[in-house]
Structures are given as C-alpha cells and as structure tokens.
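Please examine the sequence and the structure shown here.

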Amino acid sequence: MIGHWLARLRARREQRIVQRRAISDALWLETLSSLPFLARWSADDLAELRRLASLFLDDKEFSGAGGLVVTDAMALRIAVQACLPVLHLGLELYRSFVGIVVHPDEVVAPREVLDDDGVVHEYDEVLSGEAMGGGPLMLSWTDVRDAGVSADWAYNVVIHEFAHVLDMADGEADGVPPLPNAQARTHWLAVLEAEYERFCRWVDRGRDTALDPYGAESLDEFFAVAVEGFFVASHEMRREHPHLYALFADYFRQDPAAQRH
Ligand SMILES: [Zn+2]
C-alpha cells in the first residue's frame, strides 16, 4: 500500500508544479506551430507533452552563453522537444543533469587526439549540441530555432542530445538505453549493430540516406541520429530501417509513423 500512497503523493506534487508552471495557451500554440512535425501526435499526447514540459521547466536550469538571453518561449521550445522521446517513459530518465546551456550558434571546441605514435594532434570540432555524462547539456539556439524546417532532413539537435542522455542513463554511451534485462540488451544490440553496418555501407557508397550520414561516426551516434529520424522523419526512417523502427516503437511506446498527418 505504501507504493500506492507514494504514487498519490507524487501525483499531487506534480499537479502543484504544473499549476505553478502553467504554460499559457498563446505560448503553447506558438510553440506547436514552430514545430510542425508535432501535428501528427494526438490531442491526448500533446496534453501530456504540455504537462511534462511544465515539469521539465521546473526541474531544469537554463542559462544563456555568449550574451544570449533564454526567454520562456525558447526554454519551452527546448522542453517540448526534450520531452517527446520520454512522453510515455517519464522524466526520471533525465534526472542525471540539471543545467542546459544555450549558445547563440554552433560552438568551436578545441580537441586533442593521441595517435598510435604518441603524437598529439590538435583540431577544432564544431558542435551544435553536446551531452556529457552528469554534466550540463549544451545546445546551439540557431539549430534549435530551425528544428521545424530541419525535420525535412531528419535533423533535430534537441532530440539528438536527449537521445544521448537516454543512452547514458545506464552509465555508458554505447547506443543502448536502460533496458529491463540482459536478453533485451542482446536483442537491442543485434538489431542496432546490423542496421548500423548497413547504414555505414550506404554512406560509404554515397547513397542519399533518410538519416543524417553523421550517424556513421559510431554506434552511439547512429543511435542518436536514428532517434531523431524516428520522431521527426518517421515514415522515411521506418522505410529505410523497419527493424530499428519496430525496436524503437516498442521501447518508446510510440508509433509516430502510424499517427495522423
Ligand atoms: Zn551526438
């Protein structure tokens, strides 16, 4: 009975937060229209997304870098996209971090790599977002702002970075989110690796793929890129990766390609 009691206590706590953090109708509609791919979700799903967004905004701390001021509208646009993957999984999966740092544009990060001869090579990496284990999440506002348009080429920086957060929720960035048991993990890896190898061959041959060719970088990047495709270019992703689509539909408890247009 204690579980039941705790669940009620939690529901009441969440209800208070949602009331305190209520999103106005005007701001909500403006946000939905800036993200046209959301039109495929049902009214019930969108109501739940709005509720989760309030809880997310209450839990996370936004800050602007480089003089950027993060407005309520900007924070909401990020929150809504972040909450989409966990719509039926819950926000618990995002508990590993609090801070979200929003940069005006892409960030150039100096990197060092040690080669086999022990020589250090320095290079610059251009980042539109970054998720680090336990650390703050970084996003480029330019990329977030263009999410409505970039869905056409299966690109969504917020969903990409939060896919990494899900992947790392079990401690490792290996393309596998927390799963109930070892058998589920084995199955997940079998599907993901097979689709990844096929995808890498397509990219090598210069094929025009539905998913971002950046996914060929590594298995965990392929996972993040495939999650982007699953949510914002669902039909194209399902057509090219039906087995992976089915795996994701089962995991996320969502079937975005089957929803209305
Ligand atoms: Zn990535």
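Predicted model: local features only at pLDDT ≥ 70, side-chain atom pairs only at ≥ 80, totals over all residues.

Residues are numbered from 1 along each chain as its sequence is written, and side-chain values use heavy atoms, with hydrogens and water left out.

**The sheet**

- Four strands form an open sheet in the order β1-β2-β6-β5, with mixed pairing; strands (E, at least two residues) and helices (H or I, at least four) are DSSP runs numbered from the N terminus, and two strands pair if DSSP finds at least two bridges between them.
- The edges are held by β1 (61-64) and β5 (129-131), each of which has a single partner strand, so one side of each is left without a neighbour in the sheet.
- From one strand to the next, the twist averages 20 degrees, where axes are lines fitted to C-alpha atoms and angles run from 0 to 180 degrees between N-to-C directions.
- Strands β2 (residues 99-103) and β6 (residues 137-140) are parallel partners over four bridges, and His-103 stands opposite Ser-140 in β6.
- The pairing of β5 with β6 is antiparallel over three bridges, and Gly-129 stands opposite Leu-139 in β6.
- Five residues lie between the strands in the hairpin of β5 and β6, where Gly-134 takes a positive phi near 80 degrees.
- In a regular strand, side chains alternate between the two faces of the sheet.
- Both faces of β6 are covered, since Leu-137 and Leu-139 on one side and Met-138 and Ser-140 on the other are all buried (buried means under 20% relative accessible area, exposed over 50%, partly exposed in between, with a 1.4 Å probe and protein chains only).

- His-164 belongs to helix α7 (residues 157-168) and Glu-221 to helix α9 (residues 219-232), so the pair ties together parts 57 residues apart in sequence.
- Both His-164 and Glu-221 are buried.

**The cysteines**

- The count of disulfides is zero, a disulfide being a pair of cysteine sulfur atoms within 2.5 Å.
- Cys-83 is buried at a relative accessible area of 0%, and Cys-200 is also buried, at 18%.
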